[in-house]
Structures are given as structure tokens and as C-alpha cells.
2 protein chains.
Amino acid sequence: MPILVMKFGGTSVADLERIGNAAQKVAREVARGYDVIVIVSAMSGKTNELVDWVEQTSPLFDAREYDAVVSSGETVTAGLMALTLQEMDVPARSWQGWQVPLHTTSAHSAARIESIPRDHIDQKFDEGMKVAVVAGFQGISPEGRITTLGRGGSDTTAVAFAAAFEAERCDIYTDVDGVYTTDPRITDKARKLPRIAFEEMLELASLGAKVLQTRSVELAMRNKVKLRVLSSFEDNDETSGTLVCDEEDIMESNVVAGVAYSRDEAKMTLVSVADRPGIAAAIFGPLSDAGVNVDMIVQNISEEGRTDMTFSCPTNQVSRAEAAMEKAKAEGEINYHGLIADTDVAKVSVVGIGMRSHAGVAARMFQALRDENINIKVITTSEIKISVLIDRKYMELAVQALHDAFDLATAG
Amino acid sequence: MPILVMKFGGTSVADLERIGNAAQKVAREVARGYDVIVIVSAMSGKTNELVDWVEQTSPLFDAREYDAVVSSGETVTAGLMALTLQEMDVPARSWQGWQVPLHTTSAHSAARIESIPRDHIDQKFDEGMKVAVVAGFQGISPEGRITTLGRGGSDTTAVAFAAAFEAERCDIYTDVDGVYTTDPRITDKARKLPRIAFEEMLELASLGAKVLQTRSVELAMRNKVKLRVLSSFEDNDETSGTLVCDEEDIMESNVVAGVAYSRDEAKMTLVSVADRPGIAAAIFGPLSDAGVNVDMIVQNISEEGRTDMTFSCPTNQVSRAEAAMEKAKAEGEINYHGLIADTDVAKVSVVGIGMRSHAGVAARMFQALRDENINIKVITTSEIKISVLIDRKYMELAVQALHDAFDLATAG
């Protein structure tokens with residue numbers, strides 16, 4: 001039997017009615033001839049409740065106990081999903097992570113999957129079971145303790161099972177019906193993409209399109225798992241949602257696949273830094289130690305031995321970044337005249353594998369922004385992405401302008 | 001180090017504040033020099049929520065999935081308790097049932113404990129851990145699936161750990177401060193017993209004094225585990241609560257230890273049953289098959305080959321009992337002229353190991369009831385217990401009269 005992996009997120013299993021709805025989708029795939037592995041998240045809100053309890057109990061918690069507590073939400077959903085399927089006469093049973101066992105590293109709360117032995121679940125499929133319901137997010141460490149996989153852990157669980165069981169596809173059911181050329185709340189011209197390349201999805205995910213966690217996309221790309229994103233609140237067929245797949249599986253596409261944005265960016269500038277070899281390390285080492293996620297970095301041309309260094313980070317990390325810089329200055333590690341934080345900026349990016357073979361994408365982007373009189377503050381580029389920092393008040397305008405400029409409302 | 005087992009029920013760990021309160025009691029015992037094994041229930045209300053979900057999902061649920069879902073409440077409390085202790089600088093960690101592992105039979109939802117290997121927890125004690133927090137109620141079957149122990153499972157877990165680890169004592173923390181001579185809501189003369197024998201506690205528990213589950217008392221008696229019941233909402237010392245122990249550990253005691261009652265009793269009489277060998281089996285076989293818990297049984301003297309058979313059962317099983325009898329009559333298994341159900345009765349009992357060596361307890365009991373003009377409908381006796389069925393409206397009066405008649409307000 002071909003194997004299909006189906007993953008349901010928290011909003012898709014938020015209550016018994018929704019679990020029933022999800023189970024019907026599973027039953028339909030069984031009727032189509034699949035053996036199905038279902039990965040479930042905790043009912044929405046449950047994990048947050050558990051995390052709150054842990055944090056209230058112990059602000060600097062023992063991550064091993066955190067994992068034992070927080071993973072329990074998925075256990076509950078898995079059992080309820082198996083029962084729901086049994087009620088529909090679909091032979092099903094649940095597995096907790098340690099029962100599979102899903103072996104992970106000992107890095108509690110951020111464990112990495114090491115292996116997923118197939119024998120136990122395969123044996124049950126051989127005996128006539130049609131659906132294995134697995135609690136997502138959980139695993140077991142070499143020491144025999146419960147681990148969790150960190151944010152987006154259930155997506156990662158799903159992709160890892162799809163890889164281990166050579167599944168035909170890994171369907172991620174969520175509360176949106178696919179990946180769009182941009183956020184439909186910003187422009188109603190946004191168009192659902194039938195297909196998107198792994199690389200593009202990775203850039204979009206890391207740029208703030210929260211459909212899939214970066215880590216699960218990476219894992220899918222590495223293992224060539226066909227990943228589909230679709231809505232758990234609609235009727236679907238084989239062509240629903242968005243397929244995230246290898247570049248070569250996409251026949252034709254626009255040069256740019258989508259326009260992403262990130263609202264909560266801050267631009268920090270260290271004015272007149274003494275320029276010397278190793279200055280970048282002296283600045284970004286302490287920032288990294290302070291847990292600041294630096295994104296874009298621009299260094300101005302040096303004049304008379306001094307330069308300006310600009311970087312971006314999430315707005316809620318600004319004070320942490322300032323403290324780290326002042327401390328480094330006080331300790332004589334770095335020297336600068338001033339630190340300017342601009343917290344009224346946003347990042348807008350265009351992403352597309354087509355950029356590799358098409359010149360002029362940057363020029364077209366900058367022209368579109370100029371036509372709207374939007375000033376660009378920082379620019380960074382990668383092989384398949386161009387990002388700019390602009391004033392936040394122009395963010396929506398910029399997204400709309402770029403969506404038009406690259407004809408994204410029309411399929412390529 | 002001597003080992004102490006401490007068990008906290010649902011109301012004792014109902015929220016983070018109460019878990020903190022319980023943890024302080026644990027820390028105090030650690031300071032006294034004990035290595036402690038803490039058994040925790042689910043936060044009160046949690047198990048009911050989970051059971052409701054299962055029953056709504058699947059009325060005739062797969063007990064294996066039920067167990068996986070319902071046991072998760074204890075897992076959460078165990079982790080939170082371990083974290084709370086760590087915050088108090090008490091070295092602690094949590095264990096789920098399968099991690100110990102607490103081996104049980106495969107009788108899901110009513111599993112029996114088979115063995116509790118000590119090595120893993122002992123090793124951690126040797127390494128300096130002071131408290132092992134174990135999720136109560138849960139175990140693992142020979143097939144590697146989660147089991148639960150049924151009602152009162154956490155009490156049973158606690159006693160089983162106390163037996164396996166040869167604990168000095170097993171302290172059951174609950175919302176009452178001990179075992180009383182009778183229900184203090186019925187007479188304010190009720191007195192807390194400092195000690196009570198296992199046999200007496202067993203009779204009281206099965207008679208409706210809900211302090212301890214019968215099964216855990218049986219297990220403690222068989223393994224000579226000293227069991228103490230005490231309040232989690234008071235400050236306690238070595239003499240707090242009630243110690244449930246071997247008869248020989250009780251120096252002096254009253255002839256009668258306590259007066260118990262059970263409100264929801266019904267008296268059923270089969271009128272004019274054809275009396276023949278095997279008639280009792282023909283009546284009580286079908287009742288047992290129908291799940292009716294028959295308690296007292298009285299057979300009248302036979303006249304002309306016919307007799308009256310009276311038995312008692314919980315009021316909510318009356319219609320089930322009637323249906324079973326009518327079915328047996330229709331199938332020709334039994335023959336009777338009428339079936340009278342009296343649902344306005346209650347059971348009152350006096351319990352005490354002193355009865356074995358003291359004559360006249362029954363006479364004193366019947367005299368006390370006669371002095372209050374209370375009519376006795378059915379009488380049954382065991383070695384350490386005398387029970388009577390009376391009109392329910394006299395129940396409180398009977399309990400008060402018997403409490404006085406046996407001088408229970410005064411220590412023996």
C-alpha cells in the first residue's frame with residue numbers, strides 16, 4: 001500500500017468536532033487506498049497553557065521536566081483521533097513519540113530527530129491497521145526521557161515520518177488553504193500558488209510567511225519529501241493547496257514567486273566605529289551572546305579609519321542589543337560615537353528561483369519602489385531573494401507595488 | 001536513607017499554589033532525612049475533562065486509547081511538582097509510569113500492578129536525588145502500551161511503591177485530616193482516630209467512608225505498609241492524621257472503631273420464590289451478569305416449598321436488577337409472585353476489631369436503635385462488622401445514637 005502522511009495543526013484539532021472533521025479527511029484517503037500516518041498537534045491553546053504553568057512554576061526551568069509536561073497535549077489529541085477513527089470503523093491506533101520510538105538527541109526543548117524505526121508501525125499495517133496516529137512534537141532521548149522538538153515540531157515530525165516511510169506525500173493541514181504570492185490581507189490580488197520550490201518556501205518561511213516552519217521545509221528538501229499545504233476547513237482533492245516540491249517538478253513559473261514582509265524589524269546603526277580587522281566579530285559576537293537575532297548587515301565605506309555599521313534585528317530585541325553594545329564599549333571591546341535605533345522600519349522581500357536565470361529583478365524592484373517614492377534604507381540580496389528595509393508606514397504600499405510590478409496576480 | 005512515600009490527591013494539587021504547598025511538605029520530609037517518593041494525581045477536574053472527551057468521542061471506547069488519553073493528567077502534575085521542588089533547591093525529577101517502569105497486566109482501565117523494579121530510582125537516589133516524583137495511576141502493559149489502574153489508582157500506586165521500596169510509611173495527603181469515628185457532618189461528637197486497623201479501614205472504606213480506596217488498603221495490609229491519612233491543607237507533625245496499621249500496633253481501642261453509613265441503598269424482595277436447591281445461584285447469577293452489586297442477602301424460612309428472598313443493592317441499580325429478574329422469570333430460570341423494591345432505605349454499620357473478643361455488641365446496637373424506635377429491616381454480620389438496613393429518614397438519628405451507645409466520642 002502506498003503511504004500518506006497527514007499532519008493536523010492545533011486549530012485543525014481544536015475541539016472534538018474539528019477532530020471529527022479531520023478524521024473524515026483521513027478516512028477519505030484510506031478509502032482511496034492509502035495506509036495513513038497521521039501526525040497531530042495539541043488542541044489549540046493547550047500547549048500554551050502547559051508552557052505558562054511551567055514558566056510560572058520555574059522561570060529557569062529544567063528543560064527535561066518542561067518537555068515531559070508540554071508534550072502531553074499531543075498525547076491527548078493522538079488518543080482522541082484514534083478513537084474517532086475507530087468510531088468510523090477505520091482500524092487505527094495511537095503512538096506516543098517514545099513508543100515508535102522516535103529517537104532524538106538529548107537537546108531538550110529543541111531536540112533533533114535521530115531515527116525513526118519503521119518495524120512496529122509497519123507490522124501493524126501488515127496486520128490490517130490502516131491509520132497510525134502519532135503524537136507530534138515528541139521524542140525520546142538516549143537517556144530514555146521525553147524530548148520535544150521545539151517550535152514547529154509537529155511539522156518536522158510529519159516530514160521525518162514521510163521520509164522514513166517513503167510516503168507518497170506529506171500533507172500539512174492548516175488554517176490557510178495554501179501558500180500565496182503575498183499576504184491576501186494586504187492585497188486582494190494575492191494568488192494561491194499551485195506549486196512552489198523548496199528553496200522559495202524556505203525564504204518565504206524565514207521571511208515571516210508562517211505557513212510552514214523553516215526546519216520542516218529544510219528536512220523535506222533534504223529528503224525529497226513532497227510537501228503539500230492545504231486547508232483543514234475545506235473539501236480538498238488531489239490538486240488542492242500548494243505543493244512544495246523540487247524545482248524540476250515545477251514546469252513554469254514566474255521569475256518571482258512571492259512578496260514577503262516582516263513588520264517588526266528595527267534598524268540599528270553604530271555611528272563612527274573605529275574600523276580595524278576583526279571589528280565585525282567584536283560587534284556581532286556580543287550581540288549573538290546576548291541572543292539578538294541579527295538579520296541584515298551593512299557596513300559603510302570607511303573614512304579616516306572610522307565607519308558606520310548598520311544591522312537589523314526584531315524590534316523586541318533592541319534594548320537587549322543596546323545593552324550588549326554599551327557593555328562591549330565599556331569593556332573596551334569596541335568604540336563608537338553613537339548608537340541610533342530606528343524602530344519604525346519594515347522588511348519587504350521578493351523571492352523566486354527564477355532570479356537565478358533572469359537579470360534585472362533588482363532593478364525592476366527598485367524602480368517600482370521609486371515610482372511610489374519609497375526610500376530604501378538597507379538592501380541585502382541572496383541568490384533567490386532581494387530584501388529591503390523601508391519606513392514601516394510604506395510597507396503595505398510596497399508589497400502592493402511589487403506584487404503588481406512582477407505580475408504576480410497572473411500565473412507564469 | 002529511610003524512604004518515605006507521600007501521595008497527593010487531585011484537590012491537593014489542584015493549581016500551582018497548591019502544588020507549591022504540597023512541595024513544601026515534601027521539602028520538610030527531605031530536611032528530616034528522608035529520601036522521598038512522591039505520587040501525584042491529576043490536577044482536580046483534569047481527569048474528568050479527559051474522560052468526558054473520550055466518552056463523547058467513542059461511547060464504547062477502546063480502553064487502550066482511553067488509558068493513553070486519561071493518564072496524561074498525572075504526567076503534567078508530576079513534571080510541575082518536580083519543577084516546583086527544583087525551585088526550592090530540592091534535587092528532584094519526574095517519572096511517568098512506563099519510565100520506572102511500573103509493569104501491569106494488560107487489563108486496560110483496571111490494570112493490576114505486576115512489579116516495580118527499584119534499580120532506576122535507587123540509582124538516582126544514590127546519585128544525590130532526594131525526591132522521585134512519580135505520576136500515579138499509570139503503568140505499562142506487557143505489550144508496551146499505557147495502562148491505568150482504575151478508580152483510586154493513585155492510592156494504589158503509592159502503596160505499591162511503599163511496598164517495593166520498603167518505605168518507612170506511606171502518607172496519603174487528602175482534603176480531610178484523618179479517619180473519624182463517623183462522618184462529622186452527622187454528629188459533631190465525631191472524633192478523629194489516631195490509629196485504625198487495616199481490617200477496620202477496609203470495612204469502613206467499603207461502607208462508603210471515601211477516605212481511601214479499598215484496593216489500596218488491601219494492598220497495604222498484605223504488604224504491611226504503614227499507611228497514614230492526613231490533610232494537605234494543615235501543618236502536620238509525626239502524630240497528625242490517622243495511621244492505618246496492623247492490629248498489634250494498636251495498643252488500646254474501643255470495641256467499636258466507628259459507625260459508617262451508606263445512603264443510596266435499595267432493598268429488593270422477591271416474594272414467594274419456589275424454593276429448591278440452586279435457587280440462590282439462579283437468582284444471583286443473572287444479577288451479577290447484569291452488573292448489579294448485591295450487598296446484603298437474607299432468605300426467609302421456607303414454607304410449603306416457597307420462600308422470600310431479600311437483597312440490597314445501590315439505588316441506581318434497581319431498574320437493572322428488576323430487568324434481570326423479569327428476564328430470568330420469562331426464561332423459566334426462576335419463579336416468583338412479586339418483586340418489591342424499597343428505595344427508601346439506608347445502611348448503618350458498626351465496625352471494630354474489638355468485636356472479636358467482646359460479646360454483646362449486636363445486642364447493644366439493637367437496643368440503641370430500639371430506644372429510638374428505629375425498625376430494623378435487614379441485618380448482616382461479619383467478624384468485625386454489624387450492618388442493618390433501616391428507613392432512610394432515620395439514618396442520621398441511628399448514626400448519632402450508635403455513636404453515643406458505643407462511647408465513640410471518648411478514646412478507648
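Copies are superposed by least squares on the C-alpha atoms of residues with pLDDT of at least 70 in both. In this predicted model, a rotation of 179° with 0.0 Å of shift along its axis brings chain A onto chain B with an RMSD of 0.2 Å, and the two copies are thus related as by a two-fold rotation axis. Among the residues of chain A, the C-alpha atom of A:Ser72 comes closest to the rotation axis, at 3.1 Å. Because 100% of the interface residues of chain A are also interface residues in chain B, the copies meet through the same surface.

Chain A contains 12 helices and 18 strands. Its radius of gyration is 24 Å, close to the 22 Å that the globule rule gives for 412 residues, so chain A is as compact as a globular protein of that length. The C-alpha trace of chain A spans about 75 × 50 × 30 Å along its principal axes, and buried residues make up 50% of the 412 residues.

In chain B, six strands form an open sheet with antiparallel pairing, in the order β14-β15-β13-β16-β18-β17. Strands β14 (297-299) and β17 (378-382) of chain B stand at the edges with a single partner strand each, so one side of each is left without a neighbour in the sheet. Neighbouring strands of this sheet are turned by 25° against each other on average, direction ignored. Three bridges join β14(B) to the antiparallel strand β15 (residues 306-314) of chain B, and B:Val298 stands opposite B:Thr310 in β15(B). Helix α10 (residues 318-330) of chain B lies across β13 (258-274), β15 and β16 (338-351) of the chain, running at about 130° to β16(B).

Note on methods:
Residues numbered from 1 in each chain as written. Chains lettered and ligands numbered in written order. Predicted model: local features only at pLDDT ≥ 70, side-chain atom pairs only at ≥ 80, totals over all residues. Contact = placed C-beta atoms within 7 Å. Helix = DSSP H or I, 4+ residues; strand = E, 2+ residues; numbered from the N terminus. Rg over C-alpha atoms; globule rule 2.2 N^0.38 Å. Buried ≥ 20, exposed ≤ 12 C-beta atoms within 10 Å, placed from the backbone. Pairing = 2+ DSSP bridges. Axes fitted to C-alpha atoms, helices over the stretch in contact; angles between N-to-C directions.
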